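Visitor: Hi! Could you walk me through this one? I'd like to ask questions as we go.

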Amino acid sequence: MMSSNTASSSAAVAGSADSAAPRRNSKKPKYSRFTQQELPACKPILTPRWVISAFLLVSVVFIPIGVASLFASRDVVEIVDRYDNDCIPDNTTDKVNYIQTPGDKSCNRSITVPKRMKQPIYVYYQLDNFYQNHRRYVKSRSDAQLRDNSSASDTSSCKPEDTYNGKIIVPCGLIAWSLFNDTYSFSRNSSQLNVNKKDISWKSDREHKFGSDVYPSNFQSNDTVIGGASLNSSIPLSQQEDLIVWMRTAALPTFRKLYGRIEVDLEPNDVISVTLQNNYNTYSFNGKKKLVLSTTSWLGGKNDFLGIAYLTVGGLCFFLALVFTLVYLVKPRRLGDPSYLSWNRNPGGH
Amino acid sequence: MPEGSRQRMRINFRKLYSFICFRPIYEPGHAQIGQKGYSRVVYCNDPDHLEAVKLNYRGNYVSTTKYSAANFIPKSLFEQFRRVANIYFLVVACVSFSPLAPYSSLSILAPLIVVIGATMAKEGVEDWRRRKQDIEANNRKVKVYGCNNTFCETNWKKVRVGDIVKVCKDEYFPADLVLLSSSHEGGVCYVETMNLDGETNLKLKHALDVTSHLHDEKFFEEFRAVIKCEDPNEKLYSFIGTLSYDGKEYPLSIQQLLLRGSKLKNTEYVFGCAIFTGHDTKVMQNATHPPSKRSKIEKKMDKIIYLLFSTLVLIAFVGSLFFGIETKKDFSDGKLRRWYLRPDDTTVFYDPKRPSLSAFFHFLTALMLYGYLIPISLYISIEIVKVLQSIFINQDQHMYDEETDKPARARTSNLNEELGQVDIILSDKTGTLTCNSMEFVKCSIAGTAYGRGMTEVERAVTRRRGDAVPESVDGVQGLEGDAVDSGKSVRGFNFRDERIMNGQWVKRCDSKIIQKFFQVLAICHTAIPEENEQSGEIMYEAESPDEAAFLIAAKEIGFKCKRVTQTSISLCELDTENGKMEDRDYERLQVLEFNTSRKRMSVIVRNKEKKLLLLSKGADSVMFGRLSKDGRSFESQTKDHIKKYAEAGLRIMVIAYRELDEEEYKSWEKEFSKAKTSVTAERDELAEKVADKIERNLTLLGATAVEDKLQKGVPECIDTLAQAGIGLWVLTGDKMETAINIGYACSLLREDMKQIVITLDSPDIAASENQGDREAKASLESIRKQIGEGMSQINSTKESDIMYGLIIDGKSLEFSLKKDIDKSFFELATKCNTVICCRSSPKQKALVTRLVKRETGNTTLAIGDGANDVGMLQEADIGVGISGVEGMQAVMASDFAIAQFRFLERLLLVHGHWCYRRIAMMICYFFYKNIAFGFTLFWFEAHASFSGQPAYNDWYMSFYNVFFTSLPVIALGVFDQDVSAPLCVKYPFLYLEGVENILFSWPRILGWMFNGFLTSIIIFSLTTKSMIKQAFRRDGQVVDYEVLGVTMYTCVVWAVNCQMAISINYFTWIHHFFIWGSIAFWYKFLVIYGYLPPEMSTTAYRAFVEECAPSVLYWLVTLLVVICTLLPYFSFRAFQTRFYPMYHDRIQRKQYEGLEAENSDELPRQVRKKRHLRKTLMQRNS
């Protein structure tokens, strides 16, 4: 009895092991939704409803944005005054020579304010056809030198404006060397309008990229080749905001750079007289120089393009939604209609 | 089983295998021993012999790895840089250290290192796996004679040339051995060569007489011999050598060679001398790397890369042209134009005095800068995707076979997408369409037909006729009926007839004939019965499955073949006199073996009553001619039955016998043994002739019908594949009738199809054949005529609905493949819906495959299971091996291995379609995203006087391909599904997208490229137009180089990722994660990178946090640009799905709207297929 009992139990054990064995050793792939490629998924299909609502959604979002942007842009008052030609004496034949010859090149301009301009009014200079994004130009600077007095000799990237007579130029490189040097002063009704030139650069630039212990030295000391503005060598670079602004190279050959802020409101028909020093040479490459006074809105300066683009796209989408709706209404198609299957379209097609 | 083995030992094999002569003979090759190519000298049992040491043959260490630890780095690097794109990137990386580089060298090097490193890691892991297998093989144990004059276990790798090795039952041979002796008397042994040639039957090897006595360990103390033989080569079926022993020389042949890779079976142990070790073994010499296959898509992709390279060169050239002009203008007549660039004091790269040189250098710079047009991560991404796709194939539960416990295996991941473009399947028959398991289903004895079972073919025919399949009566449940009768169902036996089963045959009036019939089945064979110790059941080890089926049938009826000894066969059968089962011995005198020319087999036995009997079975074509005048009493009925059986797709054997008288036998035997022992070359022919003399005047008993079982689901699968527009060619070694039958069974041929048969089996040809050399001409002419007739037949019918089936036999095929007619043959063949080539040899199979591939230019898939299919599998674009019972050879040569033919449906329609779609989409998208990005750089250049200044920070750019855009595209490549798997199968026409290559056609590729181009224009123009000049924030700050870069880049990242989102059909959380994650990662990267110290982040320092993020304009521009870039594609797709929906659009929408499928008539699809093929052929010919 005992023995048969153990035998049967051992047999049972063996049996269960047997039945488990093939399962354990089976090469059957284990089920998971991942490996069987059955993950839950949404399967977007371009159904008419979907297409039309997508188009409508875009137009519903875009048209208001377009309108708002357009309003914002219209709110901005912008005065642009091109002066590069007018500030050259009429009888000058060689403009380049004129601009390169030292001397007083002051020039008076008067600007009429068309609309009320609320402060702050930003003063920009705009250059055209000036390739600040040229590779040689962009690379010609030494960030280490600008930031840290101890790396003053790090001028390898600055050639040919790295040293003068063996002395290191700080700040070195073509960008700094070609610093814009026209100056503007404004007056209204013969009272001086102050231009605030503080904080016209990015804070991070002032604090981290331009050192407060770095002072200009040997800058613009080369007389043979004339560059741009010179710098006051007693002010550290971190406070030379014109330089900091200039050193932020522009993206495209037409660009504006911030000159300063006028922090009083200007009334309509105010006549602003500008006294400017026309020093910067844009004549040799046919560049334009413009003085820009502009207010800002929540969107920035004056540019209708964005609003128009939004309105166009929104309108286009609305139009497309309309077209598709019409198509579906006029020519509804039963899906799965066999006549649309290509082999039925031309049954005897050969 | 000591009992069994001893019994087998007593068999005199020499007698049994009467046509095989083991007598060693000198072949012409033996004269060459010692000369070039035959210089190997082996000192048996003396590997330390001075001369042997001098010869210094390679050891038995085997390494199949591609790399070693030492050469991994250089070799795999070399492999990597064989790709054009990678070389380009390497050159760029090298040049990036020069001042020519538009960006920092590290930023170009990093992605290259990531990409190359990942690929190399993949190679390394693969190689490591191979290495582990090698280690396992090298450290297997084998007994080698040596230490202390005994056999002791040694690792395989330590076996040396000349070592005496003892291999035990079921062990693999560690090297190529010369068989010295075995546990069997006479030094024979059985060998299974499945790993070498895929054949499952056992092969007999035979030691030389002089060494066969060495069957004990103690003999080897004294044994010394020298073997001289051929040098290592790859010929598995030939071996030439001599053994010098005791001062005499004995010839060695392949009969004495035990090959590495084969296995010892049914023999307790053997002793052998290692002669080829390690890489010198024949199996290793054979291990050539299979031809590496590349998919069509990848080949096309190369072309696209070249196209992009040309674009790159072109725009770089245009750029440098403008640059040269601009630079030249900078300094003229001593005047500086752009004075701020100091053109008077400059380097050669910007020198206005040498503008052409500067332009040339700029050209190099531009080549680097616009390198983003070439997707650096494309190759690695595709590889990752393909590996993951193969994992999905391997893991698919729907392609797992319970019976054999085998899942599908993608042995190479190169061809996944090719699976979605298969045009023609070339299939083997036996083992692929059929199971290669024979079932005895019917027989005709004495003019009466027995057997009520219904074959698959009959069922298919009834089904097609529209009749209800009487399954409950005779069909599947017939099997269960059997089970009731005999207690359980028997493998290989599906015969059911109450008239003769369970001993009922005795009651039949012609019981004598029935008895003789089954006696023949039980005696006339070369199988060996093997008794299962536990169950006591007898299994038969037969050379062919047919034979086993006969024996089983005989056993089930009551004629059990119990024992086979050297001279006798004993049956357990019914004594008709007393009605008891008893053992009866038959003295087996002669066996006249089966071979393909004889097509019959006979044995001569003496029964208990001392009567001499010749029992014979054979093909109907040869047997009916050998009947005696009196033996034809029921010839016509039998012939009728045979015809019916043949129609039902059964294999037929005719059974006959003859009583011999003593004297006739004696005189014949003398003649026969003389013929057998003759040493002339015509020995076999002579013996055949003599045998022929006695196999005459037979008396017909009846015929057997064996069903070659179709694999499960084959007809349905073939039907679906046909709907998918895939043509199926069957290449089989069977004869025409069988092939046609199988064709009907698996719905390759239908009643309503017209058959075009091309054959040389006609009287005129036979007549001309007899006239010798005129044969070729006449046959050729005949083939040409038949092809011409077939063509005119097809052309004359106007209706496209009629389908054609072409059936051609091997001989005709040989002529048809000849140069001048192969064109017209293929023209005919491609117009037919089905092509069946019967009686084709393995070489012909490969040839047909190659020609189909070449002539039609379509993608071919070959599927087969045996060693004879290897050529075909390697020749085809895709080789699919059936990992069934027939060994591993086909699987080893295949690209994909599946367990059952029916899995092909899922492999092609589901995985193939998906993979094709995914890879095609992925590549298109890759080019899209890189063109979109690369061209923004170009537009910026155009506004920077082509000076080579990139629009973005270096690291933004180098991360573009690696981080911001690569993961979503991989997710697309791995997971995207246009429609779900069941729908892929339900609507097979979806597969046409791949066959017609719609998703990777040039219009589509160029369309995507154009879309990328458009995107770049939209991004650049909209961002610059809306941001440049005016202040972009309330505080009056203007956009500079940094802000524009960030904005444009943001737009690019958004645009390409959203483009991906709207082109995806299948959105899982993984897609969401990758797509939105990539965009989010860009912002995260921007923040983190911006917080790094300015010397590292340079222009990105606080660019996002301080400058862009607070600007409303920045966000509004992003929104505008992204929507604008998506609009063209979205509108196009909306338009397309409405007016010109693609196949998957239709299915998706049908599914979406829940409409019932229209009554799907498959016919048009096949017509379409035909039309398509015709079109391609016409293009080719014109």
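**A buried aspartate, and onwards**

Guide: Happy to. Let's begin with Asp330(B), which counts as buried because its relative accessibility is 4%. Keep in mind that this is a predicted model.

Visitor: Where is Asp330(B) found in chain B?

Guide: Asp330(B) sits in the loop that runs between helix 9 and strand 14 (331–332) of chain B.

Visitor: And which residues does Asp330(B) touch, leaving out those up to four places away in sequence?

Guide: Asp330(B) touches Lys335(B), Leu336(B), Arg337(B), Arg338(B), Leu341(B), Pro343(B) and Pro352(B). Take Pro352(B): it is 22 residues from Asp330(B) along the chain, and their C-alpha atoms are separated by 6.1 Å.

Visitor: Let's zoom out. How many helices and strands does chain B have?

Guide: Chain B has 42 helices and 35 strands. It runs to 1182 residues, of which 60% count as buried. If you take the contacts in chain B between residues at least 6 apart in sequence, 73% of them join residues at least 24 apart.

Visitor: What about chain A, how many helices and strands there?

Guide: Chain A comes to ten helices and eleven strands. Of its 350 residues, 49% count as buried. Among its contacts with a separation of 6 or more, 81% are between residues 24 or more positions apart.

Visitor: Now the interface. How much area do chain B and chain A bury between them?

Guide: About 9800 Å², with 61% of it on carbon and sulfur atoms. In chain B, the residues that lose the most area to chain A are Trp339(B), Tyr340(B) and Arg1138(B), which together make up 9% of what that side buries. The contact draws 112 residues from chain B and 105 residues from chain A.

Visitor: And how many salt bridges are there between chain B and chain A?

Guide: The count is seven salt bridges. Helix 40 (residues 1112–1139) of chain B supplies the largest share of the side of chain B that touches chain A, at 17 residues. The interface also has 39 residue pairs in polar contact, both residues being at pLDDT 80 or more.

Visitor: What else does strand 24 pair with?

Guide: Arg584(B), in strand 24 of chain B, is linked to Glu609(B), in the loop between strand 25 (600–606) and strand 26 (612–618), and the two are 25 residues apart. The closest N and O atoms of that salt bridge are 4.0 Å apart. Arg584(B) is buried, with a relative accessible area of 10%. There is also a salt bridge between Arg606(B) and Glu587(B), at 3.6 Å from N to O. Arg606(B) lies in strand 25 and Glu587(B) in strand 24 of chain B, so that pair ties together parts 19 residues apart in sequence. Arg606(B) counts as buried at 17% relative accessibility, whereas Glu587(B) is partly exposed at 35%.

Visitor: Last topic, helix 5 of chain B. Which of its residues are buried?

Guide: Ala85(B), Asn86(B), Tyr88(B), Phe89(B), Val92(B) and Ala93(B). Seen down the axis of helix 5, these buried residues fall within an arc of 155 degrees, so they line one face of the helix.

Visitor: What do the buried residues of helix 5 pack against?

Guide: They pack against helix 4 (72–80), helix 6 (105–138), helix 9 (296–329), helix 10 (355–369) and helix 11 (378–395) of chain B.

Visitor: And what span should helix 5 have?

Guide: At 1.5 Å a residue, the twelve residues of helix 5 (residues 84–95) of chain B should span 16 Å, and the end C-alpha atoms are 17 Å apart, which agrees.

Key
Residues numbered from 1 in each chain as written. Chains lettered and ligands numbered in written order. Predicted model: local features only at pLDDT ≥ 70, side-chain atom pairs only at ≥ 80, totals over all residues. Heavy atoms only, no water. Helix = DSSP H or I, 4+ residues; strand = E, 2+ residues; numbered from the N terminus. Expected span 1.5 Å × (residues − 1). Buried < 20%, exposed > 50% of the residue type's maximum accessible area, 1.4 Å probe, protein only. Arc of directions from axis to C-beta. Contact = heavy atoms within 4.5 Å. Buried area = accessible area lost by both parts, 1.4 Å probe. Salt bridge = Lys/Arg side-chain N within 4 Å of Asp/Glu carboxyl O. Polar contact = N/O pair within 3.5 Å; in protein donor to acceptor, adjacent residues only side chain to side chain.
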